[in-house]
2 protein chains.
Amino acid sequence: MTFDALGTDPDDGRPSARGRSDWAYERLHAAIRDSALEPGQRVMETEVSAWLKVSRTPVREAMHRLLAEGLLEPALTGGLQVSFYDLRAISEFYATRERLEGAAAALAAEHADPTERRILSAMLEAMRALPADPRAHARENQAFHEQIYGAAHNRFLLRSLRALLNFVPLLGRTTYHAPDRITEADREHTEVVEAILARDPRRAEEAARAHIRHAYNSRVRVVMEDVRTTAERRSHEKPVLGPLGHASQRT
Amino acid sequence: MTFDALGTDPDDGRPSARGRSDWAYERLHAAIRDSALEPGQRVMETEVSAWLKVSRTPVREAMHRLLAEGLLEPALTGGLQVSFYDLRAISEFYATRERLEGAAAALAAEHADPTERRILSAMLEAMRALPADPRAHARENQAFHEQIYGAAHNRFLLRSLRALLNFVPLLGRTTYHAPDRITEADREHTEVVEAILARDPRRAEEAARAHIRHAYNSRVRVVMEDVRTTAERRSHEKPVLGPLGHASQRT
DNA sequence: GACAATACTTATGTATACAAGTGTATATTG
DNA sequence: CAATATACACTTGTATACATAAGTATTGTC
């Protein structure tokens, strides 16, 4: 039913032969990211198979990957559904991310080689030259953070961070939609990079953690606004987010 | 060839109908854990399928899970192989684990409820009553750490830690094979629990991190011993571990 | 005798057919 | 009218058949 409305997206024609599985994964991931599939909605192999016009086998593998990454979860009725999340989950997410990003920055300060340090500085300048488009900044921001992860030279930390960031698509709009977030982020990024260039792990860690704490605040603002908007638009349906009364886990 | 030697393991008869996939996963996981499949060895779907006497479909899913968890990795020739690791990987593993365990302990100190605190104390005493068997201690130790993870009440941190610890089976024997490690671990565990009971996040974090640092030292000792033993036993084959010259990433 | 091209083998990716379990709806009986 | 039992439909799990790509070996030609 809902799948019909998703369209066929003719730009992204079915791949020649190799990668139907990856392709199905991308399509589902995009559908969740764009809220075409809403949290709690059941996702069935047969339906997706019909939608994407591929057999159940690659669809199955794609859904299992999404299950492992937490974007899908087992439904009470059996089968899988798009994961629910609430403000508590967002709080937990950022608490964990703060630790991991802090660790990455500290290790980058210790282990980044000269080339990696130069690239970090360059990316900083490149971001300043960017237009005020939230999407462009979000993309460059991701590349910037990936650069730090790489400079940390720790494969396990990299894996953990990648797995963690898979959850981001569920959160909706980027934090760069919050007012002044772009300017703030630039200042915070600068402090992180300066600490890394100065080979000061403690300062790098604290700067990175502060950066994530601020991102969390912006995130909450953006999400709360979305909740309000959604509640207004359909006042008698149940809101996407759960009850807001839970104590935040942040320190 | 190697799969014939693994036997049929009649205790664990093939499951009724549901769960061949999980069962295949367990069998492969156990095979890697017990070094029946050595690092670098190629693992083919058809072979495993014939070995376990199930079709390729559940084997495929099991292998994909192991790939996602890092126990298998893409082979240069195509297909999958048991992941290689070296002392550098072990160093990176413990560096990341130190951060995550520290975070879990700190959050547990803040968020553990009275029941969880009581259970932590009880587990501590239970471990003291255990015989000096490394395997028994390893098992209880795992439950103890899981209890801390749960008490942290952070689903993302829990996921990260679980994913990280999936790598442990590749490391071989437990660190409890190192002399005096059982006594040391008890002392370190006690400090962690005391800090959690005292609701002191900083002390809990530092105690947990110190605990992991010590575990790392024991791990290196155990692995080095294994390297020596292996090298003696088959002096003209290539050792399981790579060259040891890499700088450690530890702080 | 050596090098290149072609064919065959092998392993993974994909599709489809089949089985089993669960939930719901309908019909029958008390 | 209500409750229970049976049957059917739906969904996921498993098996097998088929396609494709890659690597190797063999054969033919220079």
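In this predicted model, the side chains of Glu92(A) and Arg88(A) meet in a salt bridge, with 3.0 Å from N to O; the term denotes a side-chain nitrogen of Lys or Arg within 4 Å of a carboxyl oxygen of Asp or Glu. Both residues belong to helix α5 (residues 87-111) of chain A, where they stand four residues apart, about one turn of the helix. Helices here are DSSP runs (H or I, at least four residues), numbered from the N terminus. Glu92(A) is buried at a relative accessible area of 3%, whereas Arg88(A) is partly exposed at 22%. Buried means under 20% relative accessible area, exposed over 50%, and partly exposed in between (1.4 Å probe, protein chains only).

Glu98(B) pairs with Arg209(B), their closest N and O atoms being 2.8 Å apart. Because Glu98(B) lies in helix α4 (residues 87-111) of chain B and Arg209(B) in helix α9 (residues 201-233) of chain B, the pair ties together parts that are 111 residues apart in sequence. Both Glu98(B) and Arg209(B) are buried.

A further salt bridge joins Glu146(B) and Arg162(B) at 2.9 Å, N to O. Glu146(B) is in helix α6 (residues 134-152) of chain B and Arg162(B) in helix α7 (residues 155-165) of chain B, so this pair ties together parts 16 residues apart in sequence. Glu146(B) is partly exposed at 28% relative accessibility, and Arg162(B) is partly exposed at 42%.

Salt bridges that share partners also join Glu45(A), Arg56(A), Arg60(A) and Glu61(B) into one network. Over all chains, a search of the whole structure finds 36 salt bridges.

Residues are numbered from 1 along each chain as its sequence is written, and chains are lettered from A and ligands numbered from 1 in the order in which they are written. Local features need pLDDT of at least 70, side-chain atom pairs count only at pLDDT 80 or more, and totals for chains, interfaces and linings use all residues, while side-chain values use heavy atoms, with hydrogens and water left out.

Technical notes
Helix = DSSP H or I, 4+ residues; strand = E, 2+ residues; numbered from the N terminus.
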